[in-house]
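Student: Hi! Could you walk me through this structure? I'm new to this, so please take it slowly.

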Amino acid sequence: MWKQIKLLGRDRLLAEEIRPRLKEGRGFVLTGTHGAGKTAILEWISVFLKKDVTTISAEWTVKEMLVQMCLDWAVEVRDDEGATRGKTKWQVAWMERALLKETDKWLIVDDIQKVTPTKLRRLKLFRDRVRIIAAGVPPFRQEELKRLLWGLPAIQVKPLPTDVMNRIAIAAAPVLESRTPIGEAVHASRGIPGQLIHALRGEVTPEARKVSGEEIDLSPLILIGLAGVMITRYVAIGLESTSLYMLGGLGMGIGLIVRFYLFRGMEAQRR
């Protein structure tokens with residue numbers, strides 16, 4: 001029931017974008033904001049593929065990732081002497097050696113934007129051996145990550161329209177025992193299912209308040225203003241104008257005060 005709720009409104013995406021690529025054996029990258037429903041889609045993909053598939057998170061440790069891959073792919077792990085060892089004894093080197101023999105498998109990686117260089121080096125070992133499906137929040141700035149994902153088409157998980165969000169809210173509210181009005185929760189979600197769930201639970205989180213493109217970066221304006229004040233003071237020195245020099249100093253003080261309280265407010269909001 002809960003899985004069906006999380007996938008409401010994604011029928012067209014699954015049918016037209018994802019299912020054909022899975023049947024053709026092609027990997028891809030799911031992109032979208034936090035809470036857009038990427039993880040729910042990955043769970044659906046894992047069920048659809050049924051076998052030879054493993055799902056890991058880039059937030060896990062290297063050992064946790066490799067252990068999950070070995071378990072899901074039913075890989076036999078042997079030590080340096082060639083003896084089969086139990087899961088509690090597995091070492092990273094043994095697992096890597098066993099996994100590198102595997103081909104024609106599916107590797108699903110969630111939260112790919114959080115991957116570290118150490119984990120990237122491990123994942124690159126499997127790039128040409130298995131089919132990769134990744135999901136994350138762009139932009140992907142790491143050059144090594146870009147190379148790992150090179151050639152994989154991007155499928156964007158977009159915000160949902162209001163009527164679909166209403167359907168999700170009506171279905172999810174009884175499950176969550178929510179007391180938040182449906183209309184209020186849908187309005188706060190702005191088309192993002194994950195934010196809708198937070199709203200229905202009455203939770204206030206940074207993710208629930210922020211929407212891509214909503215925040216305005218005022219840093220450039222502050223820098224320009226401070227630069228203008230400094231130029232004014234230098235001009236005042238050249239013209240030997242005491243009043244202009246004092247005006248520049250006053251502007252500098254006001255600018256620093258505004259900067260202090262502005263950044264303090266932004267930090268408080270992030271918390």
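Predicted model: local features only at pLDDT ≥ 70, side-chain atom pairs only at ≥ 80, totals over all residues.

Student: Okay! Is S189 buried or exposed?

Tutor: S189 counts as buried, because its relative accessibility is 0%. S189 is part of helix α9; helices are DSSP runs of H or I with at least four residues, numbered from the N terminus.

Student: And what does S189 touch?

Tutor: Leaving out residues up to four places away in sequence, S189 touches M165, Q195 and L196. Contact here means heavy atoms within 4.5 Å.

Student: Which residues of α9 are buried?

Tutor: In α9, residues 182-189, they are A185, V186 and S189. Looking down the axis of α9, these fall within an arc of 95°, so they line one face of the helix. That arc is taken from the directions from the helix axis to the C-beta atoms.

Student: What covers them, and what is on the face turned away?

Tutor: The cover includes α8 (162-176) and α10 (193-201). The face of α9 turned away from the buried side carries E184 and H187, which are exposed.

Student: What comes after α9?

Tutor: R190 follows α9, and its phi is positive, near 55°.

Student: New topic: how many aromatic pairs are there?

Tutor: Searching the whole structure gives 1 aromatic pair. W44 and F48 form it, stacked, with 5.1 Å centre to centre and 20° between the planes. Rings of Phe, Tyr and Trp (its six-membered ring) pair if their centres lie within 6.5 Å; planes under 30 degrees apart count as stacked, over 60 as edge-to-face and the rest as tilted.

Student: Where do W44 and F48 sit in the helix?

Tutor: They are 4 residues apart in helix α3 (residues 38-49), so about one helical turn separates them. W44 is buried, at 18% relative accessible area, while F48 is partly exposed, at 25%.

Student: Last one: where is I254, and how exposed is it?

Tutor: I254 lies in helix α13, residues 242-270. I254 counts as partly exposed because its relative accessibility is 47%.

Technical notes: Residues numbered from 1 in each chain as written. Heavy atoms only, no water. Helix = DSSP H or I, 4+ residues; strand = E, 2+ residues; numbered from the N terminus. Buried < 20%, exposed > 50% of the residue type's maximum accessible area, 1.4 Å probe, protein only.
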